[in-house]
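Look at the structure below and follow it from a contact between helices to the aromatic rings.

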Amino acid sequence: MKKRILLYFLAILGLSIACKEEGKADYLPESVGAMNTLTVVIDNELWKSSVGDAIRENYTAAAQGLTWDEALFSVTQIPQQIFSGSIRNTSSVLYVMEDSLNVAHMKSNMYAKPQKVGVIKGRNKQELIENIKKTSVEFIKNFKTLEISKAQKRFEKSLNKEKALVDKFKISMKIPSIYRVGREEDNFVWISREIQKGNMNIIAYTMPENGFQNDSTFAQDIIRMRDSIGDLYIKGSDVAGKNNHMITEKAFTPYVFPAEVSGKKAAEVRGIWEMSAYPMAGPFLTYIINDKENNRKLILEGFVFAPATKKRDYMFELEAILKSVQFNVEEKK
């Protein structure tokens, strides 16, 4: 009987704590911060030291697959005594300090929601540097995932309602209304938007389920696939005597990573596109998604043309759109 009473008491206590935590989260302000920005809370002297060097090495490294070097994050450093008030509502925060503890962990929704705060403590500079290096991959992934979800939520305020993707592939994506369908073929949809100095583009098509058989030639097969699609559908300005179309940059093989998109296994490909007979180029991001339920590989790609312009945030917007894909969507009557 006493054991039952104790268990009942613990259950009530646990429920009470959970409700308090949930109630606290309900009253948190909305997080703020521009896309791909990171607030680093660290003492000024530490920031100028080898500890700051380690942070910059990991968090301002060049983002992959862009036409020129752009940092993963735009970093703002502030000392601990200034980290108060509305500044604490920044969505992505890295908190670094010397302490009697040697710990590193990620916390969610400490001062605002949604928010990720990476906490790194160490008893000396060496421990801080080790913790920075040890956690950077995980922390960057968490910050990027948060930014993706925030971007997708912003898209929902005004979505494109065209039905091309549903009609052709039975998929949907959270595409802002500023984008427009520009071309539809039996197995190809091209959606784009104009930007100040160029355009942002999304294309979708499918390949047979067994379209990539040999791991040893996977990268080359991807290039052949992209170049054939460019030849069919993505033509450039006429050049006398030449077939001018989009190809994968010849000088460098694209980066290829394992990925997961909408719960399905996929390959993520980042690289540079160019025109075969004219000096135009820009970054692209491709997802090759194993859609076994529909016996196919779904190919989603985003690419940007914006000469003499930074492209990191454009590519990040396209990544957020592509990662919002939903499968087996039926057209609403």
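In this predicted model, Lys144, Glu147, Ile148, Ala151, Gln152 and Phe155 of helix α4 are in contact with Phe316, Glu317, Glu319, Ala320 and Ile321 of helix α7. Sorted by type, the residues of this contact are six nonpolar, one polar and four charged. Helix α4 covers residues 125-155 and helix α7 residues 312-322; their axes come within 9 Å and cross at roughly 75 degrees. Angles of 65 to 115 degrees count as roughly perpendicular, so α4 is roughly perpendicular to α7.

Now turn to the aromatic rings. The whole structure holds eleven aromatic pairs. One of them joins phenylalanine 83 and tyrosine 111, with 5.6 Å from centre to centre and 85 degrees between the planes, which is edge-to-face. Phenylalanine 83 is in the loop between β2 and β3, and tyrosine 111 is in the loop between β4 and β5, so the pair ties together parts 28 residues apart in sequence. Phenylalanine 83 is buried, because its relative accessible area is 8%, whereas tyrosine 111, at 23%, is partly exposed.

Tryptophan 273 and phenylalanine 305 make a tilted pair, because their planes are at 55 degrees, with ring centres 6.2 Å apart. Tryptophan 273 belongs to strand β12 and phenylalanine 305 to strand β14, so this pair links parts 32 residues apart in sequence. With a relative accessible area of 2%, tryptophan 273 is buried. Both residues belong to an aromatic cluster formed by Phe188, Trp190, Tyr233, Trp273, Phe303 and Phe305.

Rings also meet charges. The charged end of arginine 56 sits over the ring of tryptophan 47, 4.6 Å from its centre. Lysine 264 lies over the face of phenylalanine 327, 4.7 Å from the ring centre.

Definitions and conventions. Residues are numbered from 1 along each chain as its sequence is written. This is a predicted model: local features need pLDDT of at least 70, side-chain atom pairs count only at pLDDT 80 or more; totals for chains, interfaces and linings use all residues. Side-chain values use heavy atoms; hydrogens and water are left out. Axes are lines fitted to C-alpha atoms, for helices over the stretch in contact, and angles run from 0 to 180 degrees between N-to-C directions. Helices (H or I, at least four residues) and strands (E, at least two) are DSSP runs, numbered from the N terminus. Angles under 35 degrees count as roughly parallel, over 145 as roughly antiparallel, 65 to 115 as roughly perpendicular and the rest as oblique. Contact means heavy atoms within 4.5 Å. Ala, Val, Leu, Ile, Met, Phe, Trp, Tyr, Cys and Pro count as nonpolar, Asp, Glu, Lys and Arg as charged, and the others, Gly among them, as polar. Rings of Phe, Tyr and Trp (its six-membered ring) pair if their centres lie within 6.5 Å; planes under 30 degrees apart count as stacked, over 60 as edge-to-face and the rest as tilted. Buried means under 20% relative accessible area, exposed over 50%, partly exposed in between (1.4 Å probe, protein chains only). A charge sits over a ring if NZ of Lys or CZ of Arg is within 6 Å of the ring centre and within 35 degrees of the ring normal.
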